[in-house]
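Hi there,

Here is the structure I promised to send over. Have a look at it first, and then read my notes below.

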Amino acid sequence: MRHLYDVRRTFCVIAAIHLITAAVIGGSVATLAQETVRLPVVADGTNHTSSSPLASNGSPASVRVAQSQIGRPLEKITFLLDFTPYGKHAPFFAALDKGFWKDAGFDVTIVKGEGSATTISSYAAGTVDFAFSDTPTLILARSKGALFKVAAIIHDKSLYAFGTLEENNIKTPQDLKGKRIGASVGDASRVMFPAFAKLNGIDADSVRWVDMTPPARVASLVLGQVDAVVLFLTETPTFSAKTKEAGKHWRDFPYADYGLDLYSHGLLVRDDLITNQPDRVKRFVESTMKAWAWSIEHPQEALAIFLKHNPAVDPDQAREHFRIAIKHLLTDTAKREGIGYIDAEKMRRTVDFVSQYFNVKGVSADDVYTNRFTPKLFPKETPF
């Protein structure tokens, strides 16, 4: 239990690499709490429809999970998100409504998150069954004794970025020298900035950080109080819409396009479950990834399901959130190996980066991921 206390204390203090920073999504400000998140967003219902076929190994395959699950009582489990639900989370709600989890033997309650650090500490404490969170944060937790792994990657291409107004005449990362950048203290993209700066020939000390809450970033940018902000790319639809309302023009710079492409969010599974309940882990990971594959092939229906459960989220912004999530999942690796697959060399680079910049000792790439449970799924993207 001492290890678990240390993990929670560590993330409450440093909050490193943990925020999927959000502006005002759906009209409400999501606050970052220090306590474990326990409020369910929605529980699995009983009115599921049968799932449609999806592409697996290049050909149609049934999304129904093993027939051995038929007639077995559903197991009630909790699934903790990284943040308040927005468009990128649509496939998880498809898993709920389309029966993917039910067919795998689960009655799932989705729990909203309050940032990856909080999700990580809650999962380390054993308060939920499965979780969705950030890989670098997991690596930090692993170094403090939290024993779990990424079992399928969702944000294959990282989402870290900075953004600005076209009117500010910042055309390359080098143009940030001497500029004011708005961010919360523990923002993941801010934490990553020194490495991004080094890769792009920028003196990290040449920029001036302006501390603010995540929702204050867009207003500060529009009002000229800062020259740029840091964010996750899935937030850009919100930033773009808000700046357009002010008669301005948004521009973003993904870190991954400038040399810093690390693994980000994926499905987390505790080591003890992998060892003692591999069938349970396999059923959850497979059914969840099948829901993602189905959602990629049926994006309009997936979004409709998401908006039914989350009516406060702007539909147009939710669509863009989801489009970005798909783009950062369907990488060359995913197209070659199947969605969710984790490349050993890229994971090694991710672990090496976190170890270097956060003084992590004793964690190897093999410690933090497994491809053991990832199904071979090759969905065909449907434009929407």
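**What I found**

The protein chain has 15 helices and 13 strands. Keep in mind that this is a predicted model. Of its 384 residues, 58% count as buried. The accessible surface comes to about 15,000 Å², and carbon and sulfur atoms make up 50% of that. If you look at contacts in the chain with a separation of 6 or more, 83% of them are between residues 24 or more positions apart.

**Salt bridges**

Start with Lys 98 and Glu 301, whose side chains meet in a salt bridge with an N to O distance of 3.0 Å. This pair links distant parts of the chain, 203 residues apart. Lys 98 sits in the loop between helix 2 (90-97) and helix 3 (100-103), while Glu 301 belongs to helix 11 (residues 299-309). Is Lys 98 buried or exposed? Its relative accessible area is 8%, so Lys 98 is buried, as the cut-off for that is under 20%. Glu 301 has 36% relative accessibility, so this one counts as partly exposed, which covers the range between 20% and 50%.

Next, find Arg 142 and Asp 271. Their side chains also form a salt bridge, at 2.9 Å from N to O. Distant parts of the chain are linked here too: Arg 142 is in helix 5 (residues 135-143) and Asp 271 is in helix 9 (residues 271-276), 129 residues apart. Both Arg 142 and Asp 271 are buried.

Then there's a local pair. Asp 279 forms a salt bridge with Arg 283, and their closest N and O atoms are 3.0 Å apart. Where do these two lie? Both are in helix 10 (residues 278-297), four residues apart, which is about one turn of the helix. Asp 279 is at 43% relative accessibility, so it counts as partly exposed. Arg 283, on the other hand, has a relative accessible area of 11% and is therefore buried.

Cheers

Methods:
Residues are numbered from 1 along each chain as its sequence is written. This is a predicted model: local features need pLDDT of at least 70, side-chain atom pairs count only at pLDDT 80 or more; totals for chains, interfaces and linings use all residues. Side-chain values use heavy atoms; hydrogens and water are left out. A salt bridge is a side-chain nitrogen of Lys or Arg within 4 Å of a carboxyl oxygen of Asp or Glu. Buried means under 20% relative accessible area, exposed over 50%, partly exposed in between (1.4 Å probe, protein chains only). Contact means heavy atoms within 4.5 Å. Accessible areas come from the Shrake-Rupley method with a 1.4 Å probe; for residues, only the protein chains shown count as cover.
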